[in-house]
Amino acid sequence: MGREGYEGLVKRIRSTIRCKQRREALQRVVDMLHEAVDHYTWVGIYLLEGDELVLEAWKGPEATEHVRIPLGKGICGLAARTAQVVNVPDVSQDPRYLMCFPSTRSELVVPIRGSKGVLGEIDVDSDRLAAFGPEDEAFLQAVARELVAVLEAGGG
Ligand code: SME
């Protein structure tokens, strides 16, 4: 994280995605998060479609095979189902974890809560053990709130 800090980055994200179409806004957000925060090795945004999470945008060293995740599966499914943040400091110790990348050590999933329930989530994988703290949770929750406006506005 550079000098702007998490608060500055939320502001920059807000002004970047204003008036953008959904797909472009989501891609800009994952690009900015990945670029700005060192320990965010892979960043994705999944949106809820029926009983499935569908990967809409991602940025990182490689693609994941988990482009559709049923609500009951993985850390991602858990966060969407419960509408709660899930912070896993050591993925090797969590039986719910669905492996994407062998290098991942920890994962943070933050639901995007709309006015009528969960719209999707921000999923961040880190190659560092226990990479995510309360400040990452609060930061990504603020980013998720910015995304609600884009997602509830409709349009592609
Ligand atoms: N690890 C996730 C699956 C998605 S990948 O991290 C991109 C999970 O356990 O749900």
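A: Start at Arg68, which lies in E3 and is the bridge partner of Val54. This is a predicted model, in which local features need pLDDT of at least 70 and side-chain atom pairs count only at pLDDT 80 or more, while totals for chains, interfaces and linings use all residues. Residues are numbered from 1 along each chain as its sequence is written, and side-chain values use heavy atoms, with hydrogens and water left out. Helices (H or I, at least four residues) and strands (E, at least two) are DSSP runs numbered from the N terminus. E2 and E3 run antiparallel and are joined by three bridges; two strands count as paired if DSSP finds at least two bridges between them.

Arg68 also has a side-chain partner. A salt bridge connects Arg68 with Glu52, and the closest N and O atoms are 2.8 Å apart. The two residues lie 16 apart in the chain, Glu52 in strand E2 (residues 52-59) and Arg68 in strand E3 (residues 68-70). The term salt bridge means a side-chain nitrogen of Lys or Arg within 4 Å of a carboxyl oxygen of Asp or Glu. Glu49 belongs to a network of salt bridges together with Glu52 and Arg68. Both ends of the Glu52 pair are partly exposed: Glu52 has a relative accessible area of 27% and Arg68 one of 44%. For these labels, buried is under 20% relative accessible area, exposed is over 50%, and partly exposed is in between (1.4 Å probe, protein chains only).

Now the sheet around this pair. Six strands make up an open sheet, ordered E3-E2-E1-E6-E5-E4, with antiparallel pairing. E3 and strand E4 (86-88) are the edge strands, each pairing on one side only. On average, neighbouring strands of the sheet are turned by 20 degrees against each other, direction ignored.

Helix H3 (residues 74-82) packs on this sheet, touching strand E1 (42-49), E2, E3, E4, strand E5 (106-114) and strand E6 (117-126), and its direction makes about 30 degrees with that of E5. Contact here means heavy atoms within 4.5 Å; axes are lines fitted to C-alpha atoms, for helices over the stretch in contact, and angles run from 0 to 180 degrees between N-to-C directions. H3 is largely enclosed by the rest of the structure because seven of its nine residues are buried. These are Gly74, Ile75, Cys76, Gly77, Leu78, Ala79 and Ala80. Their cover includes E1, E2, E3, E4, E5 and E6. Just after H3, Ala83 has a positive phi of about 60 degrees.

Cys76 is buried, at 5% relative accessibility. The closest cysteine sulfur to that of Cys76 is in Cys100, but at 7.2 Å it is too far for a bond. A search of the whole structure finds zero disulfides, a disulfide being a pair of cysteine sulfur atoms within 2.5 Å.

Back to charged pairs: the structure holds seven salt bridges. Among them is the one between Arg12 and Glu4 (2.6 Å, N to O). Arg12 is partly exposed at 34% relative accessibility, and Glu4 is partly exposed at 34%. Another joins Arg96 to Asp94 (2.6 Å, N to O). Arg96 is partly exposed at 41%, whereas Asp94 is buried at 12%.
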